[in-house]
Structures are given as C-alpha cells and as structure tokens.
Amino acid sequence: PRVEDLAIEGRGLSVKGALTLAPKRQGLRSARLSKVRLSDENDFSAEIGVGGEGTDIAINGKSFDARPLIRAMFGSRNRSEAEVQTPKPAKGEKPVRITLAIDKLYANRGEIINRVSGSLSARGPVLEQAEISGTFLSGQPVVFRVTPVEGGREMRLNGRDGGATIRAANLYSKVAGGQIEFYALLAPDGSVTKGKLVLRNFEVRNEAALAELDSRGKPKRDGPRREALSFSKLTLPFTSDSRFIRIGESLVRGPELGASAQGIIRKSDGAIDITGTIIPAYALNAALGDIPLVGDILTGGKGQGIIGVTFALGGTVDKPAFQMNP
C-alpha cells in the first residue's frame, strides 16, 4: 500500500510527502518527504529506503539541528552512574546509512557549520563509519571521520578553528581560533583506549581563573587581566570508559604562561578532579629545561620550569572551582 499526498501540520510542524508500506504490517518500505519542517533549525527533505541490507536515508535542505546528536556523543552527564551504559547494537540489528547535504547545521553555543556534506553508517546507537565536512562561520573548514580498524574504530576530527569546534561540542567556550587535531581509538565496548587532543596557535579569552594571574603567575592585585592569553600548543592525552574520562600528562605552552596537568572527569555528573602546575613566563622559564643535563637538574625535564604555581580544579564542568597555591 502507498500513502499519497501525505500532509501533517501542527504548531511549528509541517511534513509533506508520500509513503510506501510493506505488506502484512511489516512497517515502512520507502518514503519521499519533500518537506520536513520541525522548527526553524530543522528544515529539510528526506528520502528513505528500507531493505534487507538495512535502511538508507538521504537528507537535503536548508538546516538541521545537530545538538541532540552531539549531546549523545560527548557524554552522559546528569545521570546516575548506574544509568551510564556503553552503547551496544542489538544482535542482528541492521545498519542505517545516511547521506547529508545541508546548508546550515546548528551546533552548541551558537556555532553554525555551513555547507555540510558527507555520509555516516550506524548500527543501533553505535556509529560505525563517517566522513562529514563543513565550514564554520569564520570560513575555516572542519572534517569529522570514523574509520573501522583492527580492534575497534578510529575517530578523527581536524579543523582550522579549534575554538569554534570545541564550542560546537559544548566542551569549553573560552578558546578562540587555533588548529585542532583530535584522535580517539574506540574499543568494541565503546571505551577510548587511546586518545589525544592537540590544539595549536590559539587564545584563551575571558577565563576567570587566568584573569587572577599576572604575567609572573602571581595573583593580580590591580584588577583582572582583560586581554587574551596566547598559547602555541596544547597536548592532552586521555582515555575513557563508561564512568570516567582520565586525563594523562598534559601540557599547554605559550610565551606568558604554560601549565602541566592530569586528572579525572566523572561522566555521570561532570565532576572534576584535576591538579597541575602553572609555569609563568613560560618561554623563558621552560627554555632552561632544554639545556642538556643542567635543565634536568634545575627543572625536572623538558617542558617544566624553575618557578611554578600549583593548582587544583574541582567542582563540575559547568561550575568549575579553581584553587591555587602561589
């Protein structure tokens, strides 16, 4: 049976098209939806085909709201630890293959990615393969890939506007610019056995914790620092499972400040337990660590400094609590 001239209208809702149903109440066989408008951020057309090898969906149109998908990918906060489970496809579940051609894709913190195109394949809640690209409003490109490899899947994200990328994922809002390289090796159970975030040539703006420090790393007495701080590179290795994100020996460096840190983030509620050392006047301070033998004795090795301010970061991702010991 076929449904022609389908029209569903409601408050902020409009769907038009045609459906073909499988016999004997076996569900949908195909759909051609010329108009799917769910909100101002969701305005597209879709073609759906259901067969023995899975479901194929083609989405084309003006806009698509990706924020619910991003939330599903980047954490399980505000849930009890018992509810945080590693997603697994049901036995025998068939894949869903999606192709995209969207003018505007809406992400978190007001970020919009233009001219989004690509494809992805998922089996239940597990994203098996993806190749999606687009351009931020800054004009800088971003590419997201998921590739099957031996022992799991590789997830890679590369872009030339690291600040916009991190805001789009709703991870942090104070980074501006920068080139981002994100890598994660996903095990079959969904855990990250090896991950690394590298961010180059970026700024941190309006960060309250850094605003309390002057260029020597001491608490500032004549008002907060208002200008941005520049950094040349951030390296952050990590692993994760269903409960925690574990941050390894991380290092950020810039001409005025550098820092090393490690710690843990609990997924269920975003609780943070991170400790480290802020290294003031980093370019000069850490240069001593590059001197063979002498640098190791004075500073403890490359990337460290003679003078440092220890700090602790607690609270939650949404409301971090920063403490330091000058």
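Select strand 1 and strand 2 and go to the turn. Two residues sit between the strands of this hairpin, and glycine 12 takes a positive phi near 70° there. The model is predicted. Strand 1 covers residues 2–10, strand 2 covers residues 13–21, and seven bridges pair them in the antiparallel sense. Pick leucine 6. Its bridge partner in strand 2 is glycine 17.

**Stay in strand 1: aspartate 5**

Move to aspartate 5, which is found in strand 1. Check its backbone. Phi is near 50°, a positive value in a residue that is not a glycine. Most residues other than glycine have a negative phi. Is aspartate 5 buried or exposed? Its relative accessibility is 70%, so aspartate 5 counts as exposed.

Jump to strand 13, residues 192–204, where asparagine 201 is found. Asparagine 201 has a positive phi of about 50°, although it is not a glycine. Its relative accessibility is 60%, so asparagine 201 counts as exposed.

**The nonpolar patch**

Select Val3, Leu21, Leu28 and Val50. Together they form a nonpolar patch with about 250 Å² of accessible area. Centre on leucine 28, in strand 3 (residues 28–39). Leucine 28 is partly exposed, because its relative accessible area of 32% falls between the 20% and 50% limits.

**Salt bridges**

Show the charged side chains. Side chains of opposite charge can pair when their charged atoms come close. How many salt bridges are there? The count comes to 14.

- Select aspartate 56 and arginine 97. Their side chains meet in a salt bridge, 2.8 Å from N to O. The pair links distant parts of the chain: aspartate 56 is in strand 5 (residues 54–65), arginine 97 is in strand 6 (residues 96–106), and they are 41 residues apart. Aspartate 56 has 37% relative accessibility and counts as partly exposed. Arginine 97, at 28%, also counts as partly exposed.
- Select glutamate 181 and arginine 200. Their side chains meet in a salt bridge at 3.3 Å, N to O. Glutamate 181 lies in strand 12 and arginine 200 in strand 13, so the pair ties together parts that are 19 residues apart in sequence. Glutamate 181 is partly exposed, with a relative accessible area of 25%. Arginine 200 is partly exposed as well, at 29%.
- Select arginine 156 and glutamate 154. They form a salt bridge whose closest N and O atoms are 3.7 Å apart. Arginine 156 is partly exposed, with a relative accessible area of 37%.
- Select Arg37, Asp40 and Asp43. Salt bridges link these residues in a network.

**Leucine 186**

Go back to strand 12, residues 179–186, and pick leucine 186 there. Is leucine 186 buried or exposed? Leucine 186 is buried, because its relative accessible area of 8% is under 20%. Which residues are in contact with leucine 186, leaving aside its neighbours within four places in sequence? Select Gly151, Gly152, Arg153, Met155, Ser191 and Val192 to see them. Leucine 186 and serine 240 are 9.4 Å apart in space and 54 residues apart in sequence.

**Confidence**

Colour by pLDDT. The chain averages 84, and 79% of the residues score at least 70. Then select residues 221–225. Here pLDDT stays under 50, and the model has eight contacts beyond four places in sequence for this stretch. Where pLDDT is low, the predicted coordinates should not be read in detail.

**Zoom out**

Finish with the whole chain in cartoon. It has five helices and 19 strands. Of the 326 residues in the chain, 40% are buried. Switch to contacts. Among those between residues at least 6 apart in sequence, 43% join residues at least 24 apart. Last, bring the surface back. The accessible surface of the chain comes to about 18,400 Å², and 53% of this belongs to carbon and sulfur atoms.

Note on methods:
Residues are numbered from 1 along each chain as its sequence is written. This is a predicted model: local features need pLDDT of at least 70, side-chain atom pairs count only at pLDDT 80 or more; totals for chains, interfaces and linings use all residues. Side-chain values use heavy atoms; hydrogens and water are left out. Two strands pair if DSSP finds at least two bridges between them. Helices (H or I, at least four residues) and strands (E, at least two) are DSSP runs, numbered from the N terminus. Buried means under 20% relative accessible area, exposed over 50%, partly exposed in between (1.4 Å probe, protein chains only). pLDDT is the predictor's confidence in each residue, from 0 to 100. Contact means heavy atoms within 4.5 Å. Patches are made of residues with over 30% relative accessible area and no salt bridge: like charges are joined within 9 Å, nonpolar side chains (Val, Leu, Ile, Met, Phe, Trp, Tyr) within 5 Å. Accessible areas come from the Shrake-Rupley method with a 1.4 Å probe; for residues, only the protein chains shown count as cover. A salt bridge is a side-chain nitrogen of Lys or Arg within 4 Å of a carboxyl oxygen of Asp or Glu.
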